[in-house]
Amino acid sequence: MEFMKILDGARFTQVGFVVNDIEETIKKYAIILGCVAPAAVPCGEYEITQTKVYGQPSPEANSVLAFFNLSEGVQLELIQPNEVPSVWRDHLNQYGEGIHHIAFTVDSIDDTIEKCLKMGMILEQQGNYGDGGGKYAYLNAQEDLKCRIELLENFK
């Protein structure tokens with residue numbers, strides 16, 4: 001599969017779910033995983049995130065996030081989007097609650113995006129982490145993988 005060429009050297013990092021009620025979902029996952037419930041945190045301010053949805057600036061698109069550290073370097077992410085159009089809101093509206101993306105950490109997000117675009121994927125949303133510590137991008141892989149691919153680049 002061509003994905004292997006694109007993601008050569010990438011590290012599987014995360015599975016993300018969109019949910020309607022993050023606080024209730026956090027409680028349920030904490031029980032099933034037998035761990036302390038993580039805090040839900042805002043995605044970040046637009047001045048830092050610079051969120052673009054379908055190539056257009058989207059200062060109002062936002063979400064609340066929670067992260068469960070499952071093992072070394074692997075997380076379960078819960079995402080409760082606001083009502084403004086975004087890939088999180090669009091997915092929740094179209095498919096309901098459930099898996100939204102699988103994420104891979106890459107050394108160069110821009111290079112990997114280019115490879116994905118050449119393969120026919122569509123770049124749907126991108127921006128910076130809310131703390132400014134890296135960048136993310138969502139690419140549509142719904143037809144092949146039944147979810148999106150998220151690329152993550154951490155600044156060192």
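Analyst: Let's settle one term before anything else: buried means under 20% relative accessible area, exposed means over 50%, and partly exposed is in between, using a 1.4 Å probe and protein chains only. Please also keep in mind that this is a predicted model.

User: Thanks! How many salt bridges does the structure hold?

Analyst: There are five salt bridges in the structure.

User: Which helix are Glu24 and Lys27 in, and how many residues apart are they?

Analyst: Both belong to helix H2, residues 22-33, and they are three residues apart, about one turn of the helix. As a general point, an α-helix has 3.6 residues a turn, so residues three or four places apart point the same way.

User: Is Lys27 buried, partly exposed or exposed?

Analyst: Lys27 has a relative accessible area of 47%, and because that value falls between the 20% and 50% cut-offs, Lys27 is partly exposed. Glu24 is partly exposed too, at 35%.

User: What about Arg148 and Glu124, what is their N to O distance?

Analyst: Their side chains meet in a salt bridge at 2.4 Å, N to O. Arg148 lies in strand S10 (residues 148-154) and Glu124 in strand S8 (residues 122-128), so this pair ties together parts that are 24 residues apart in sequence.

User: And are Arg148 and Glu124 buried or exposed?

Analyst: Both Arg148 and Glu124 are buried.

User: Okay, another one. What does Arg11 pair with?

Analyst: Arg11 forms a salt bridge with Asp107, at 3.6 Å from N to O. That pair links distant parts of the chain: Arg11 is in strand S1 (residues 11-18), while Asp107 is in the loop between strand S7 (98-105) and helix H5 (109-118), 96 residues apart. Arg11 is partly exposed, with a relative accessible area of 39%, whereas Asp107 is exposed at 59%.

User: Switching to pockets: what is the volume of the largest pocket?

Analyst: The largest pocket has a volume of about 470 Å³. It is lined by 25 residues, and those closest to its centre are Gln14, Leu65, Phe67, Glu77 and Tyr129.

User: Which elements give two or more residues to the lining of the largest pocket?

Analyst: That list is S1, strand S2 (41-42), strand S5 (63-71), strand S6 (74-81), strand S9 (134-140) and S10.

User: Now backbone geometry. Where is Gln50, and what is its phi near?

Analyst: Gln50 is in the loop between helix H3 (46-49) and strand S3 (52-53), and its phi is near 50°, a positive value in a residue other than glycine. In general, most residues other than glycine have a negative phi. Gln50 counts as partly exposed, at 36% relative accessibility.

User: And what is the phi of Tyr54?

Analyst: Tyr54 has a positive phi of about 50° although it is not a glycine. Tyr54 lies in the loop between S3 and strand S4 (56-57), and at 42% relative accessibility it counts as partly exposed.

User: Which residues of helix H4 are buried, and what follows H4?

Analyst: In helix H4, residues 87-95, the buried ones are Val87, Trp88, Arg89, His91 and Leu92. After H4 comes Gly96, with a positive phi near 85°.

User: Last thing, a couple of distances. What separates Asp111 and Met121?

Analyst: Their C-alpha atoms are separated by 14 Å, with the two residues ten apart along the chain. Asp111 lies in helix H5 and is partly exposed, at 48%.

User: And how many Å apart are Asp21 and Gln94?

Analyst: They are 17 Å apart in space, C-alpha to C-alpha, and 73 residues apart in sequence. Asp21 lies in the loop between S1 and H2, and at 37% relative accessibility it counts as partly exposed.

Terms used. Residues are numbered from 1 along each chain as its sequence is written. This is a predicted model: local features need pLDDT of at least 70, side-chain atom pairs count only at pLDDT 80 or more; totals for chains, interfaces and linings use all residues. Side-chain values use heavy atoms; hydrogens and water are left out. A salt bridge is a side-chain nitrogen of Lys or Arg within 4 Å of a carboxyl oxygen of Asp or Glu. Helices (H or I, at least four residues) and strands (E, at least two) are DSSP runs, numbered from the N terminus. On a 1 Å grid over the protein atoms alone, a cavity is a set of points where a 1.4 Å probe fits but cannot get out, and a pocket is an open set with protein on both sides within 12 Å along at least five of seven lines; lining residues have an atom within 4 Å of a point. Grid points are joined across faces, edges and corners, and a volume is the space filled by probe spheres set on the points.
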